[in-house]
Amino acid sequence: MSEKLLSVENLTMKFGGLIAIDDLSFSAKKDQITSIIGPNGAGKTTVFNCLTGFYKATSGSMFLNKDNKTLDLKKFSDFKVAQKAGVARTFQNIRLFPQMSVLENMMVAQHNKLMVASGFSLLGLINAPSFLKKEKEAKEISKYWLDIINLTNRADDNAGDLPYGDQRKLEIVRAMCIEPHLLCLDEPAAGLNAKESAELNKLLKFIQKDKKTGILLIEHDMSVVMGISDHVVVLNYGKKIFEGTAQETKTSPEVIEAYLGTEE
Amino acid sequence: MDKNFLQSSLKDSLFTGLIALALFGPIVGLRTVAVNEALVVQPKWLVVALIVAFCAVGRFFINIYTFKKDQRRGEPSSFGKAISNFLDTKGSQIALGAVIFSIIFPFLPFADRYWMDIAIMMMTYIMLGWGLNIVIGLAGLLDLGYVAFYAVGAYSYALFAIHFGWSFWICLPLAGLFAGMFGILLGFPVLRLRGDYLAIVTLAFGEMIRILLLNWYELTKGPDGLTGIPRPSFFGLPFKRYPDEGVETFHTFFGLEYSPMQRIIFLYYLILILALITNFFTIKIRRLPVGRAWEALREDEIACKSLGVNPRNTKLTAFAVGAMFGGFAGSFFATRQAFISPESFTFIESAIIVAIVVLGGMGSQTGVVLSTIFLIGLIEVFRDFESYRMVAFGGAMVLIMVFRPKGILAKRKPTITMVKEK
């Protein structure tokens, strides 16, 4: 039984009269892959946006266990969720820095520690050895991750010039550069072919097992969800309709009803 | 020749003639003349007919000879390609050549007073372009009020120098500091704005500063301007023919014949050094984490937030650093002119600097130099033609946009590389 990493309690998000998330509670464990699935418009991405500080939840609470401390995620505003709490995310429509090189993308993700190392630019301007050392380390970390996704030889090309599948993978490893405790992936398999999804599964398994990073996954591709999820949460119209293992989800009548409708 | 092509070219040139008629008919054709204290319309249809015919025939020949191979759109001509290729690959050689040329420039035989003045003016615009390049080119914040920082720099330099009598080298950093503070002052309210909205607010900010300078009479002497700003001295040695009693001057110290050119050459090297400092600072800071964060912010602000980059601090530093260099340039302007008034800081200055940055190629340092030479040079060449200057300016912009839509030098070099160094 592994330790609880994230617990969401009674989360509600309203946009005017529209209730996007309605009293949602679930939890995610450390070193596990938790998937959130549901039909289009079920409120999955809204959950992510609340977790990562892009939206301010109307009510409810979200707690993250980090180094034996419990952090209230509601207290962190947008960029601080990534900076202070260590929650990284990717986006449904890939958000790389397209005109910057692959390596630069990876370096921006290590911005905060490099900023401190560069003495907020003062040490960097005079080429202080301590900064150059840190910069080299950051480059090594980038190389480590780029080796894993086989992109090292394209490190100096613009990120926007990469094939779609590589862009997806780059966005994931870029998020890993902030050394997150929780990685939130919004439809990472969207638009990938069968071979690429298989590679993605491998990458996610590696992050989960070797990096001991909890993963929260929104996905429509059932081969990905069923292949790697330890735990599945099913949403419909902002409400949780089912929670369980992948196997249980497959046979649950509520889930089948939500996706396929009821028999008259 | 293809009959269809001939037909469509003919049609196209007739259409061009129609447009020319609509444009030049009223502008050239109807001239009002004063006859016996009354305005009389005097039509000049022959001139209009000639212009229209010229446009139509010219268009026809362009269609046939220039667009023929390319089916009117698509591949540029081989000459254009060669220039493009040259600009794309030889950026650093152009830069090196430009630096060497600018260092030896004052000693070239044709560099008389007129050319030196133009060179100093161009160098000021280049420095302003480089300063604004940080804000627009790197951080992607479209700032249309950049001249405000130029003004703040100039006025703070002038006020410090006049009232406290401090020397140039004390007033210069202070002016930069003040301008940088104004950059932060502008930065705060516009943190959440992007694109068009940001442009509108910065435009208003630029005008506010100018109007403030016009109306705060006690401090700025309003439209009268500030006079008697001390001229810069060469490390305490003034450039004067008849110095005050007991003061050594530049020409006596070095045992030279007095010449007013000495001061001009000194000013030239001063702005050259200031501009090069701006340039090297920008090149360096682009490779630091903060520079990369600026560019990342330009590319995608939401992605930046998701990676824990603080957008507020990042934007404010961009505004502050850009404004600081504007302030340095402003101090130089004040000490060169010895007189400043709000007249020198109108919106057209901001517009020219923005045009320089955008046409040079966003974020390209050498591009700023090339577009300054092109734009300011054209304005100067057309100085004798008064009202046609702005036409030339507009024409230059159109030309650049047609042949180099992303700016003269659009190729961006990565700030850090991995594959190449192996």
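The model is a predicted one, in which local features need pLDDT of at least 70 and side-chain atom pairs count only at pLDDT 80 or more, while totals for chains, interfaces and linings use all residues. Residues are numbered from 1 along each chain as its sequence is written, and chains are lettered from A and ligands numbered from 1 in the order in which they are written.

Chain B has 17 helices and four strands, where helices (H or I, at least four residues) and strands (E, at least two) are DSSP runs numbered from the N terminus. Its C-alpha trace spans about 85 × 75 × 45 Å along the principal axes. Of the 422 residues of chain B, 38% count as buried; a residue is buried if 20 or more other C-beta atoms, placed from the backbone, lie within 10 Å of its own, exposed if 12 or fewer do, and partly exposed in between. Two residues are in contact if their C-beta atoms, placed from the backbone, lie within 7 Å, and among contacts in chain B between residues at least 6 apart in sequence, 74% join residues at least 24 apart.

Both chains are divided into domains, with bounds that come from an automatic or database domain assignment. In chain B, domain 1 covers 3–75 and domain 2 covers 84–403, and the C-alpha centres of these two domains of chain B lie 41 Å apart. In chain A, domain 1 is made of 4–86 + 180–260 and domain 2 of 96–164, with 28 Å between their C-alpha centres.

Within chain B, helix H5 (residues 113–138) can be followed through two packing partners. Axes here are lines fitted to C-alpha atoms, for helices over the stretch in contact, and angles run from 0 to 180 degrees between N-to-C directions. The axes of H5(B) and H11(B) (residues 261–286) come within 9 Å and cross at roughly 20 degrees, which makes H5(B) roughly parallel to H11(B). Angles under 35 degrees count as roughly parallel, over 145 as roughly antiparallel, 65 to 115 as roughly perpendicular and the rest as oblique. The contact of H5(B) with H11(B) comprises 17 nonpolar, six polar and two charged residues; Ala, Val, Leu, Ile, Met, Phe, Trp, Tyr, Cys and Pro count as nonpolar, Asp, Glu, Lys and Arg as charged, and the others, Gly among them, as polar.

With helix H16 (residues 365–381) of chain B, the axis of H5(B) again comes within 9 Å, but the crossing is at roughly 140 degrees, and the two helices are therefore oblique to each other. Residues in this contact include B:Met121, B:Tyr125 and B:Trp130 of H5(B), and B:Val369 and B:Ile373 of H16(B). By class, the contact of H5(B) with H16(B) has ten nonpolar, four polar and one charged residues.

The contact between the chains takes 33 residues from chain A and 28 residues from chain B. H3(A) gives the most to the side of chain A that touches chain B, with five residues, and the residues of that side divide into 16 nonpolar, ten polar and seven charged.

A:Ile178 lies in the loop between helix H7 (164–176) and strand S7 (182–186) of chain A, and counts as buried because it has 21 C-beta neighbours inside 10 Å. Leaving aside residues up to four places away in sequence, A:Ile178 touches A:Ala82, A:Ala88 and A:Ala109 as well as B:Leu307 and B:Gly308. The C-alpha atoms of A:Ile178 and A:Ala82 are separated by 7.6 Å, although the two residues are 96 residues apart along the chain.
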